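Hi,

Here is the structure I promised to pass on. Have a look at it first, and then read my notes below.

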Amino acid sequence: MVVTERHETIGSLLAGCYRYVTSTLLAVLLCGMLPSGTARATIYQGLIIGRINVDTTDRTITAGKVEAGTSVALSLTRNWRLVPNVVRDSVLATLPTSKRTVADAIGATHAFGALFITTRRLGNLVRTEVVIVAKDGMKEEGRGVGYGLLRYKNDADGSVIADPAILASTQRALCVALQDSTLYATAESEFRVAPTALVSIGGVEFTDTTQQKVWNLFADKVVVSYDGAETIANAASSLEEFTLIDLETRDSMYVKAGLYATENYKTLAINEIGLLRAFEVRYAIIGSFVRTLTGADLTLRLCELVSPVAYKPIRSATATCADDTKESFRTAINEAMDRLFPAH
């Protein structure tokens with residue numbers, strides 16, 4: 001997102017109930033209530049919404065959901081809170097129309113700054129970019145990007161539940177924008193997130209140079225490799241340091257670039273590396289499946305996409321596939337993933 005006009009009148013953005021809010025009430029809303037049994041209230045810094053940008057054709061991601069996610073994301077921190085839009089709007093309603101700029105809103109609400117938020121979706125990936133503008137409404141204090149993966153659907157109608165992914169992507173964007181990767185270190189476990197990098201599944205190369213009877217796993221490598229890619233994706237979905245580009249999202253990226261035939265039984269091609277980097281993907285899990293005299297060895301590698309035409313292996317792990325079955329292949333993948341990411 002590029003914000004080119006920071007002093008624009010935001011009257012067109014203001015909606016809802018305009019009412020007078022005294023500075024005393026505003027202080028209570030910004031600083032928090034006095035907890036029972038404590039000597040004094042926690043003092044929070046306030047942030048207002050300057051603008052929320054979403055794709056209005058995508059019903060999964062709405063401005064209302066982004067605003068709600070931002071409010072929750074800030075409330076989960078130790079020091080920050082969102083000034084409710086109704087408070088912002090009510091305060092601005094007391095000012096002349098010419099004084100309803102972003103800078104005026106920051107000053108009138110005694111906020112630290114304003115948030116300009118862009119949240120979009122590609123496939124199952126939610127990307128949020130947060131820009132914090134402070135002081136005179138022109139100075140950029142921080143900028144960050146965060147990611148979340150759509151994981152949940154409504155049992156009743158199968159519709160996507162986007163709120164958790166919006167929240168997670170906003171939290172991670174705020175960590176970067178506020179330059180604090182530990183922003184949610186003390187939150188409850190389900191909200192304890194940190195910035196992540198994007199990782200994609202890059203395919204497993206099938207190689208059989210032996211003179212033994214061909215395994216069905218190798219003869220049916222198109223189907224087997226896709227099953228293997230799904231198994232890798234399932235194991236990678238719980239990694240804390242990465243946000244996974246699942247197969248549906250990866251293939252959506254490829255289609256956007258005119259690449260329609262994904263070969264999961266081959267390693268990353270040069271054009272795939274450049275394409276993934278264009279979508280901010282910096283890591284990929286690739287592998288090799290090699291027939292041996294006693295079975296087959298599966299090796300998985302975590303690689304960094306260091307340029308549009310090259311990747312660098314960071315670490316690798318190997319497991320043995322003893323039987324010519326999909327179950328044995330999946331077991332080998334899960335064993336290799338456990339060794340590749342021992343802490344996950």
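Let me start with F329, which sits in helix α10 (helices are DSSP runs of H or I with at least four residues, strands are runs of E with at least two, and both are numbered from the N terminus). At 1% relative accessibility, F329 counts as buried; the scale here is buried under 20% relative accessible area, exposed over 50% and partly exposed in between, with a 1.4 Å probe and protein chains only. Leaving out residues up to four places away in sequence, F329 touches F206, L217, V224, G228, F289, L298 and C321, where contact means heavy atoms within 4.5 Å.

Before I go on, some housekeeping. This is a predicted model, in which local features need pLDDT of at least 70 and side-chain atom pairs count only at pLDDT 80 or more, while totals for chains, interfaces and linings use all residues. Residues are numbered from 1 along each chain as its sequence is written, and side-chain values use heavy atoms, with hydrogens and water left out.

Now the overall picture. The chain has 10 helices and 12 strands, and 47% of its 344 residues are buried. Of the contacts with a separation of 6 or more, 62% are between residues 24 or more positions apart.

Back to F329, because it belongs to the residues that touch the most other members of the largest nonpolar core. By nonpolar core I mean a set of buried Ala, Val, Leu, Ile, Met, Phe, Trp, Tyr and Cys residues joined through side-chain atoms within 4.5 Å. This one has 36 residues, and I285, F289, L298, L300 and M337 are listed along with F329 as touching the most other members. At least two residues each come from β8 (197-207), α6 (216-219), α7, β9 (242-245), β10 (281-291), β11 (296-307), β12 (310-321) and α10. There is also a second, separate core of 29 residues, which includes I132, A173, L174 and A187.

Apart from its neighbours within four places in sequence, L300 is in contact with V204, I232, I286, G287, R315, S316, A317, I333, A336, M337 and L340.

Next, how do α7 and α10 cross? The axes of α7 (residues 221-236) and α10 (residues 326-340) come within 10 Å and cross at roughly 35°. Axes are lines fitted to C-alpha atoms, for helices over the stretch in contact, and angles run from 0 to 180 degrees between N-to-C directions. The crossing is right-handed, that is, the near helix is turned clockwise from the far one by less than a right angle. On the α7 side the contact uses V223, V224, D227, G228, T231, I232, A235 and A236, and on the α10 side K326, F329, R330, I333, N334 and M337. These residues divide into 8 nonpolar, 3 polar and 3 charged (Ala, Val, Leu, Ile, Met, Phe, Trp, Tyr, Cys and Pro count as nonpolar, Asp, Glu, Lys and Arg as charged, and the others, Gly among them, as polar).

Salt bridges next: a side-chain nitrogen of Lys or Arg within 4 Å of a carboxyl oxygen of Asp or Glu. The count comes to 13. One of them joins R143 and E140, with the closest N and O atoms 2.9 Å apart; R143 is partly exposed at 33%, and E140 is partly exposed at 35%. R127, E129, E140, R143 and E280 are linked in a network of salt bridges. R250 and D251 also pair up, at 3.1 Å from N to O; here R250 is buried at 2%, whereas D251 is partly exposed at 22%.

E280 lies in the loop between α9 (270-278) and β10 and is partly exposed at 29%. Q179 also has a positive phi, near 55°, and is not a glycine either. Q179 is in the loop between α5 (163-177) and β8, and is exposed at 69%.

Last, α3 (residues 85-93) is mostly covered, with 7 of its 9 residues buried: N85, V87, R88, D89, S90, V91 and L92.

Cheers
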